[in-house]
Amino acid sequence: MPEVLPLQSNGEQKPTPTPITKKQKGVILGPDGKPCRSCNSFRDFFGATKGVTAAPAERFVPQNSPPECPPDVEQLGRSSWTLLHTIAATYPAEATPTQQEEMKTFMRIFAKIYPCWSCAEDFRAWMSKPENDVSKYVQGQKTFGKWLCDAHNDVNVKLGKKPFDCSKWEERWITGGEGC
Ligand SMILES: Cc1cc2nc3c(=O)[nH]c(=O)nc-3n(C[C@H](O)[C@H](O)[C@H](O)COP(=O)(O)OP(=O)(O)OC[C@H]3O[C@@H](n4cnc5c(N)ncnc54)[C@H](O)[C@@H]3O)c2cc1C
């Protein structure tokens, strides 16, 4: 459903607000106008925040975040996909109407509050396509697991990665392969 915009005093609808956050030199900014840690790789975030005062040749930009730092976009993503796929792995084969409602609500809220705002925006856009409407896929684990695999693949492809073979979803997230 399209968003209902507030009316102005002249009775006209306010124009759609422009996004509060933008990119600057390839670095995604947060609502405060500063580089967004959970939206960028550690390298980009560090380069934009800590390495700016030194001359380029002297700049030290580490590849990976030291342990115990707040998560960058990759750490946050890895942990979040682990949580989401594991939730799907423990979702009932045939979910009750209540469980289906809870899952729909959870995914919609997740897509709103995901800390990487630019990731969340794209995820909501993907979910809003009729063919990706989560309510069609919450009947049980098989449909929900496949939906999640497709959602994850949409991000994989966007990032230039190879899509995951969704026929291997159960082996990856439920049974485990050899050695697990
Ligand atoms: C909702 C969401 C949106 C995101 N959007 C962005 C974005 O816009 N930009 C950005 O830079 N990062 C985004 N990320 C993070 C990104 O998806 C990765 O998590 C991050 O780049 C780290 O990737 P990775 O290669 O370690 O493996 P991940 O993609 O995190 O995957 C973890 C593991 O899941 C398995 N896996 C991979 N694909 C699938 C699949 N399709 N189905 C099931 N299992 C699979 C593999 O075993 C893999 O090792 C997003 C994360 C989430 C949760």
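By class, the shell around the ligand holds ten nonpolar, seven polar and four charged residues. Here Ala, Val, Leu, Ile, Met, Phe, Trp, Tyr, Cys and Pro count as nonpolar, Asp, Glu, Lys and Arg as charged, and the others, Gly among them, as polar. Keep in mind that this is a predicted model: local features need pLDDT of at least 70, side-chain atom pairs count only at pLDDT 80 or more, and totals for chains, interfaces and linings use all residues. Residues are numbered from 1 along each chain as its sequence is written.

Which residues come nearest the ligand? Of the 21 around it, they are Gly 77, Cys 119, Cys 149, His 152 and Phe 164 (near means a C-beta atom, placed from the backbone, within 6 Å). Two or more shell residues come from each of α2 (73-89), α4 (117-127), α5 (141-158) and α6 (169-175), and α2 gives the largest share, seven. Helices are DSSP runs of H or I, at least four residues, numbered from the N terminus.

Now to the other end of our tour, Pro 97, which lies in helix α3 (residues 97-113). Is Pro 97 buried or exposed? Pro 97 is exposed, because 8 other C-beta atoms lie within 10 Å (exposed means 12 or fewer, buried 20 or more, partly exposed in between, with C-beta atoms placed from the backbone). Its C-alpha atom is 9.3 Å from that of Val 138, 41 residues apart along the chain.

Val 138 also turns up beside Met 103: leaving aside neighbours within four places in sequence, Met 103 is in contact (C-beta atoms, placed from the backbone, within 7 Å) with Tyr 91, Ala 95, Val 138 and Phe 144.

Technical notes:
Two residues are in contact if their C-beta atoms, placed from the backbone, lie within 7 Å.
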